[in-house]
Amino acid sequence: MAESDDELMQRFQKGDEDAFNSIVRRHHKPLVNFIARFIGDRDNAEDLAQDTFIRMFKAANRYKPGRAQFKTWMYFIAKNLCKNEIRNRGRRDRYRIDNVITSEQISGGNEDQIDLIATAPANAAFQPEVAIERKELLKATQEAIAELPEKYRFPLILRDIQGLSYHEISKILELPNGTTKSRINRARLMLKDKLKSFMELL
Amino acid sequence: MNCLQAKEYFSAHFEDTLDKQILHQLKSHMAECASCQKEYNLFQASVKATQQLPEIDPAPNFVPLLLQRISEETIKNIPFWQRVYDLFKIPKWAIGSVLILVLAGAGTFYYYDAIFNAETQSNDTIVYPDNISAKELQNVITDQFFPRGMEGSDLIGTNSNQPMQQQYILKRVSYTTPSLAGGL
């Protein structure tokens with residue numbers, strides 16, 4: 001059975017650096033995803049994710065297992081770094097969506113793979129127009145998320161992309177549970193309004 | 001329930017966390033309000049689209065780069081006292097070996113220097129009387145190196161027909177013990 005994050009942190013606090021490496025390997029992908037979805041730039045997201053892990057490494061002795069959940073702590077640090085990053089950026093390049101959307105996997109393959117599949121006549125079950133529609137929908141969704149105000153974007157990403165509980169999101173955002181729930185509902189309604197015109201065409 | 005109130009419950013309805021009474025009111029409202037039903041359908045679709053956004057794969061060198069940065073940070077952040085303390089973590093046999101080599105080197109140096117001093121400078125000590133004037137001191141030194149009766153042609157290496165040549169006596173000099181006899 002895999003060790004919990006708290007057990008790994010305890011091992012790390014006792015001087016076992018391999019334990020921290022295990023934590024990095026376990027959490028780097030969701031963390032990069034969270035930051036990339038928030039700031040909209042994959043390269044910067046990787047830098048910020050690295051900064052997050054380094055901050056955690058430096059502050060590891062102050063982490064008290066049981067008092068706070070490891071994931072909550074990690075996202076809390078990442079959220080603050082994202083806020084700083086957004087603040088430091090000019091409005092000009094506030095959100096660079098292309099870097100994220102062109103590099104990610106869609107329908108289990110990358111863009112090139114989709115194009116190859118679309119031109120393959122042998123695969124009768126494959127419907128190119130469905131794949132293109134899906135790709136367009138995902139791109140529109142990502143753009144709609146990017147346009148959300150910061151206070152709605154954070155909880156929406158944490159809930160619908162990262163799959164955290166309302167309680168965890170409340171801890172990360174330092175908000176009451178009720179406020180978190182209403183912000184997520186509000187964010188989803190805003191997203192629905194942004195995607196409305198696109199979805200009605202499908 | 002009106003349309004505004006219904007929208008407040010969309011998330012809870014989608015996540016199936018509404019209590020029975022409110023769920024019943026919401027369903028009743030949506031059964032009568034085509035607009036709310038349509039809005040809820042769009043709501044569901046947009047949430048599902050968000051949830052299905054594909055994962056972004058970090059670059060393959062993300063973890064190696066991060067671990068390298070961590071090791072660099074670790075070295076940079078070691079305080080001075082910690083570095084001193086870490087010196088004592090060097091194996092005892094290594095420290096012992098270095099100490100033995102240093103002591104052996106120093107011992108050899110001082111031992112040979114003492115033998116050398118004993119050979120070259122044991123008879124060179126000149127005791128000068130106290131409370132002596134400068135003139136008397138000069139006479140004493142002259143007597144020491146040029147004893148009476150050896151003036152003029154009697155001096156080593158000179159004769160009456162040749163100009164006096166100064167005689168230099170090379171002496172081995174200790175590098176550690178000051179010698180009154182001088183080096184030349």
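Two residues are in contact if their C-beta atoms, placed from the backbone, lie within 7 Å. In this predicted model, the contact between the chains takes 35 residues from chain A and 26 residues from chain B.

On the side of chain B that touches chain A, four helices each supply at least two residues: α1 (3-8), α2 (10-14), α4 (34-51) and α5 (62-76). The most comes from α4(B), which gives eight residues. By class, this side of chain B divides into 16 nonpolar, six charged and four polar residues.

B:Leu53 lies in the loop between α4 and α5 of chain B.

Within chain A, a helix pair was examined. Two packed helices are described by the angle between their axes and the distance between the axes. Helix α9 (residues 166-173) of chain A packs against helix α10 (residues 177-201) of chain A at an angle of about 105 degrees. Their axes are 9 Å apart. Angles of 65 to 115 degrees count as roughly perpendicular, and α9(A) and α10(A) are therefore roughly perpendicular to each other.

From α9(A), the contact uses A:Tyr166, A:His167, A:Ile169, A:Ser170 and A:Leu173. These residues meet A:Asn177, A:Thr180 and A:Lys181 in α10(A). The contact of α9(A) with α10(A) has four polar, three nonpolar and one charged residues.

Note on methods:
Residues numbered from 1 in each chain as written. Chains lettered and ligands numbered in written order. Predicted model: local features only at pLDDT ≥ 70, side-chain atom pairs only at ≥ 80, totals over all residues. Nonpolar A, V, L, I, M, F, W, Y, C, P; charged D, E, K, R; others polar. Axes fitted to C-alpha atoms, helices over the stretch in contact; angles between N-to-C directions. Parallel < 35°, antiparallel > 145°, perpendicular 65-115°, else oblique.
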